[in-house]
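The model comes first, then the notes.

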Amino acid sequence: MKDGLGRAIDSGRPLAAVATLMTTCMIVLSPSAAMAATNPASSKILTCKDAQGNPLITDPSDSRCHKPPPNEAERAATEERKRKELETYNACKAEQRSLQSLLNRYPNKEKHDAARNAALSQVETSLRISQRRLEQLHLERKRLLDEAEFYPNGNLPSKLRRDLDANSAVIEAQLQAIANQKDEAAQKNAFYDYELAKLKKLWDPRRVESRACVGPRD
């Protein structure tokens with residue numbers, strides 16, 4: 001079945017009458033249909049409530065839709081989310097500042113190698129002194145043991161026994177000091193290795209700038 005416009009054309013009415021009929025058809029379109037035609041995004045229908053709690057069936061652009069204030073659980077969840085986002089943001093900024101400071105201190109590998117050598121040289125100097133002291137203690141112990149050979153039954157004089165005991169204690173302490181110094185040297189090397197791994201990425205001319213830290217959402 002033909003609509004009014006088709007019948008008007010078939011009847012041979014003047015074009016002016018046809019135009020008038022088309023205009024009338026456009027006028028009688030519902031407001032929601034006209035809005036949908038001009039703004040497709042507004043054609044979505046939703047159900048909401050106004051400030052008085054009355055239900056509305058309308059589109060998302062309707063200013064009468066009232067969003068109720070968040071309850072206690074929702075507020076707590078929002079605050080927790082913001083807290084975590086702020087922690088992440090602060091950690092990101094701190095890491096960026098740390099990397100920039102590291103790059104400022106060591107703009108090239110030569111600078112970093114010099115700092116490593118300076119830090120290790122202090123430990124190595126202490127280690128050499130401790131090792132020389134240990135050699136002296138071993139020589140002292142040999143002298144005391146040679147003297148103890150004159151007493152085959154182990155009936156050592158009190159002074160000789162005290163000297164041997166003291167020598168043993170000092171040797172043990174010196175060995176522990178040397179072990180600690182070696183551990184310190186290993187820790188310093190590990191620290192500078194860790195820095196160097198970061199610096200190699202910062203020195204790389206192909207390095208892409210890190211993304212900006214994202215702050216908490218409102």
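Lys 109 counts as partly exposed because its relative accessibility is 38%; buried means under 20% relative accessible area, exposed over 50%, and partly exposed in between (1.4 Å probe, protein chains only). This is a predicted model, in which local features need pLDDT of at least 70, side-chain atom pairs count only at pLDDT 80 or more, and totals for chains, interfaces and linings use all residues. Residues are numbered from 1 along each chain as its sequence is written, and side-chain values use heavy atoms, with hydrogens and water left out.

**Lys 109 and its partner**

- Lys 109 meets Asp 113 in a salt bridge, side chain to side chain, at 2.9 Å from N to O.
- A salt bridge here is a side-chain nitrogen of Lys or Arg within 4 Å of a carboxyl oxygen of Asp or Glu.
- Side chains of opposite charge can pair when their charged atoms come close.
- The two residues sit 4 residues apart in helix 5, so about one helical turn separates Asp 113 from Lys 109.
- Helices (H or I, at least four residues) and strands (E, at least two) are DSSP runs, numbered from the N terminus.
- Asp 113 is partly exposed, because its relative accessibility is 26%.

- His 112 lies in helix 5, which spans residues 109–148.
- His 112 has 0% relative accessibility and therefore counts as buried.
- Beyond its neighbours within four places in sequence, His 112 is in contact (heavy atoms within 4.5 Å) with Tyr 106, Tyr 192, Glu 195, Leu 196, Leu 199 and Trp 203.

- Glu 140 and Arg 143 form a salt bridge between their side chains, at 2.6 Å from N to O.
- Both residues belong to helix 5 and are 3 residues apart, about one turn of the helix.
- Glu 140 is partly exposed at a relative accessible area of 31%.
- Arg 143 is partly exposed too, at 43% relative accessibility.
- Lys 142 pairs with Asp 146 in a salt bridge, with 3.3 Å between the closest N and O atoms.
- Lys 142 and Asp 146 are 4 residues apart in helix 5, again about one turn of the helix.
- Asp 146 has 34% relative accessibility, so it counts as partly exposed.
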